[in-house]
Amino acid sequence: MSQTTVELLQKYYEAFNAQDMGTFLSLLTDDVVHDINQGDREVGKDTFAAFMDRMNQNYKETITDIVVMSNVAGDRAAVEFTVLGEYLATDEGLPEANGQTYKLPAGAFFDIREGKVSRVTNYYNLEDWIAQVSA
């Protein structure tokens, strides 16, 4: 494993948990590719920032139980984690929000280029999330 990549991704999730979007976005390449769980592929740091703005308005999430794995070269990595969240405001096409809490196992795959995240692909079970917030 590449310790540099492990440290980068630990910092990525620390910034996410602290809602430090300045630091979080500084860890991305300008042309970052973001594969949204069961959604579209978006490209660019500005597009990713807009996505995070929407997410932060609708959800309050903390990432826990983080396990980072990387290849020896450090240019690819995977992270397994648990999302602890609160559904704050209704997101388009999803159930109505009223402060429901949820706990989801999730994972992400990363490409790393020149010490920054150049791709992130997130995966979680959307049906599990819907069941939790609809209960």
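Two strands count as paired if DSSP finds at least two bridges between them, and strands (E, at least two residues), like helices (H or I, at least four residues), are DSSP runs numbered from the N terminus. The views below show a predicted model, in which local features need pLDDT of at least 70 and side-chain atom pairs count only at pLDDT 80 or more, while totals for chains, interfaces and linings use all residues. Residues are numbered from 1 along each chain as its sequence is written, and side-chain values use heavy atoms, with hydrogens and water left out.

**View 1. Strands β4, β5 and β6 side by side.** Strand β4 (residues 76-87) runs antiparallel to strand β5 (residues 101-113), and eleven bridges join the two; here Ala-77 has Phe-110 of β5 as its bridge partner. On to strand β6 (residues 116-124), β5 is joined by eight bridges, again antiparallel, and Phe-109 stands opposite Thr-121 in β6. β5 and β6 form a hairpin with two residues between them, and Glu-114 in the turn has a positive phi of about 50 degrees.

View 2. Strands of a sheet pair through backbone hydrogen bonds, either parallel or antiparallel. In this open sheet six strands follow the order β2-β1-β6-β5-β4-β3, and the pairing is mixed. β2 (41-43) and β3 each have a single partner strand and stand at the edges, so one side of each is left without a neighbour in the sheet. From one strand to the next, the twist averages 20 degrees. Strand β1 (residues 28-35) pairs with β6 in the parallel sense over four bridges, and Leu-28 has Val-117 in β6 as its bridge partner.

**View 3. Helix α1 across the sheet.** Helix α1 (residues 3-17) has 15 residues and reaches 21 Å from its first C-alpha to its last, close to the 21 Å expected at 1.5 Å a residue, where the expected span is 1.5 Å times one less than the number of residues. The helix lies across β1, β3, β4, β5 and β6, running at about 170 degrees to β3; such angles run from 0 to 180 degrees between N-to-C directions, with axes fitted to C-alpha atoms, for helices over the stretch in contact. Among the buried residues of α1 are Leu-8, Leu-9, Tyr-12 and Phe-16, buried meaning under 20% relative accessible area (1.4 Å probe, protein chains only).

**View 4. An aromatic cluster that includes Phe-16.** Tyr-12, Tyr-13, Phe-16, Phe-24, Phe-48, Phe-51, Phe-81 and Phe-110 form one aromatic cluster. Rings of Phe, Tyr and Trp (its six-membered ring) pair if their centres lie within 6.5 Å, and planes under 30 degrees apart count as stacked, over 60 as edge-to-face and the rest as tilted. A search of the whole structure finds 13 aromatic pairs; one of them, tilted, joins Phe-16 and Phe-24, at 6.0 Å centre to centre and 55 degrees between the planes. Phe-16 is buried at a relative accessible area of 11%, and Phe-24 is buried at 1%.

**View 5. Ser-70 and its surroundings.** Ser-70 lies in strand β3 (residues 59-70) and counts as buried at 13% relative accessibility. A polar atom of the Ser-70 side chain lies 2.8 Å from the backbone nitrogen of Ser-2. Leaving aside neighbours within four places in sequence, Ser-70 is in contact (heavy atoms within 4.5 Å) with residues including Met-1, Thr-5 and Arg-76.

Terms used
Buried means under 20% relative accessible area, exposed over 50%, partly exposed in between (1.4 Å probe, protein chains only). A polar contact is a pair of N or O atoms within 3.5 Å; within protein, one must be able to donate a hydrogen and the other to accept it, and residues adjacent in sequence count only if both atoms are side-chain atoms.
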